[in-house]
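Me: I am new to this structure and would like to go through some of its charged residues step by step. Could you take my questions one at a time?

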Amino acid sequence: MICVSLGRTRHKMVIAEHQQLAAKGAQLVELRVDWLSHLPDVGRLLANRPTPVVVTCRRARDKGLWKWTEEQRLAALRTAIVGGAEYVDLEMDIAASIRRFGPTKRIVSHHDFDKTPDDLEEIHKRMAALDPDVIKIVTMANSPLDNIRLLKLAAGAKVPTIAFCMGEFGVPSRILAGRYGAPFTYATFSSERTMAPGQLSFEDMRDIYHYDQINAATEIFGVVADPVAHSMSPLIHNAAFARERMNRVYLPFRVPREMLPEALRAFDWLPVKGYSVTLPHKESVLSVTNRYNGPILDLGAANTLYKEADGGWTAANTDYDAALQSLVRELNPEPAPGADRALSALAGRKVLILGAGGVARAIGRAIVNHGGVLMISNRTKARAVELARQLGCQQIDWQNRGTTVFADVLINCTSVGMHPKVDETPYAENWLREGMVVFDTIYNPERTLLIKQARERECRTITGVEMFVRQAARQFELFTGASAPVDTMSDVLRRAISPARSAE
Ligand code: NAP
């Protein structure tokens, strides 16, 4: 179950939003009475309540907004109990001074807004001695490993325990709380009104992560990245799992650069069955395994890890596969019977890649491996020279990229034109020629300035959305062994990249 936290300054607004939440399907609502600008009239909030409630009243030291005396606060909590609230939240230092009465369940809570303390088990033991129905322990995650410590605590607890972490590192523990025994997790009324760092909205928790369907049998997947909050991968993988009615969930794991092997070992406890791997881990992930699917050593980078039946990891690079598929589909060769379609599409084609980062390397390798005549141009010449050396291709100076090159295919692997700088392009409009294939790897927005100008000049185009969906679809296949619902994945991604953000 998801408990939605509701805090407003006026009783009238609390009552109205409580009704709205019930209409949206909320089953339990936390009334944060410390947010009210007047002394709370708890009886008024409980009368005709449309869902069961948790009544919570936080002091400033617990990052709450209570402005009156401690006596008045305890009185408000006692009124909630006398009024028959389903739950009342009692911080552990006051739990002993408020007695059990009637059917109201006692949540004994402890929050640490700075860290996940070393003595978690000791704290939990002290809380268990305070006559709780539910223990709630919430700490700040300063490391991805803190998620596992909290979930292990809940999984081993005799009293029902809600244990999760705050902060971007802590998001997985919020989503998995129920899988490890929490009677409910917490979410916020809307993504604009988070009450604690890392808190997800009710709608994201329900509609993206399908929280209430996660159970002990749910298989876990995720993306490892730093930062991770911007990633579209949870959105499209969870939509694909839901579409195929698979009991699987896909989470955002923020993992700092130096912590990858340690974090993956810790997440084995969950256990995780597959990862999308992105910045800054695409190269270092190769140290995790020596089993590869595709030319991973050539590429020096992978974006996928999936578990084999024997429990070992295999690394794959679905950016490589996706870019190749996108090019082959657009170039649409008619190969001689028995001939390789990718070779027929690319052999002898002049391809100019702009950029010399990870995506340029993956796509460049796909082109070279299939007989394309590759040229690399990059703002920082030394990187282009080095990549061209590795791929055995030509380097073009950045200032000459449009004027001295006649390419059949142009591929933008720079970040120029990406949201929010949507009025930039890495290639002047008058350098584009009719019939040229223009492939922009940027997916937000889908219609970059480069793509728009290429269409105006009657070039053939491939967008970053096509590539992004293909790389995710290939990951889905590696994760599940089933074919991916590609249309669902494209629809959800296109909807998330709203017209406003895409500067249509
Ligand atoms: P990266 O390793 O950080 O490389 C970034 C590249 O952009 C470098 O070549 C950099 O040149 C160039 N660049 C940045 N700002 C520039 C500017 N103002 N002018 C000219 N060049 C500039 O990144 P990456 O992982 O390769 O990703 C590159 C692009 O691919 C991103 O835009 C991303 O959106 C896209 N991408 C798409 C997909 C997909 O599935 N569609 C997947 C991953 C990434 P310097 O060397 O001079 O800094």
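This is a predicted model: local features need pLDDT of at least 70, side-chain atom pairs count only at pLDDT 80 or more; totals for chains, interfaces and linings use all residues.

Me: With which side chain does Asp268 meet in a salt bridge, and what parts does the pair tie together?
Reply: Asp268 lies in the loop between helix H9 (260–267) and strand S11 (272–277), while its partner lies in strand S13 (residues 304–307), so the pair ties together parts that are 39 residues apart in sequence. The distance from N to O is 2.9 Å, and the partner is Lys307.

Me: How many residues apart are Arg474 and Asp321, which form a salt bridge?
Reply: The closest N and O atoms of Arg474 and Asp321 are 3.7 Å apart. Arg474 sits in helix H16 (residues 464–480) and Asp321 in helix H11 (residues 318–331), so that the pair links distant parts of the chain.

Me: Which residue forms a salt bridge with Glu168?
Reply: Glu168 is partly exposed, with a relative accessible area of 25%, and it lies in the loop between strand S7 (161–166) and helix H6 (171–176). Its partner belongs to strand S10 (residues 248–254), and the closest N and O atoms are 3.6 Å apart. That partner is Arg254.

Me: How many salt bridges does the structure hold?
Reply: Some charged residues are linked in a network of salt bridges, among them Arg58, Asp62 and Glu91. For the structure, the number of salt bridges is 32.

Note on methods
Residues are numbered from 1 along each chain as its sequence is written. Side-chain values use heavy atoms; hydrogens and water are left out. A salt bridge is a side-chain nitrogen of Lys or Arg within 4 Å of a carboxyl oxygen of Asp or Glu. Helices (H or I, at least four residues) and strands (E, at least two) are DSSP runs, numbered from the N terminus. Buried means under 20% relative accessible area, exposed over 50%, partly exposed in between (1.4 Å probe, protein chains only).
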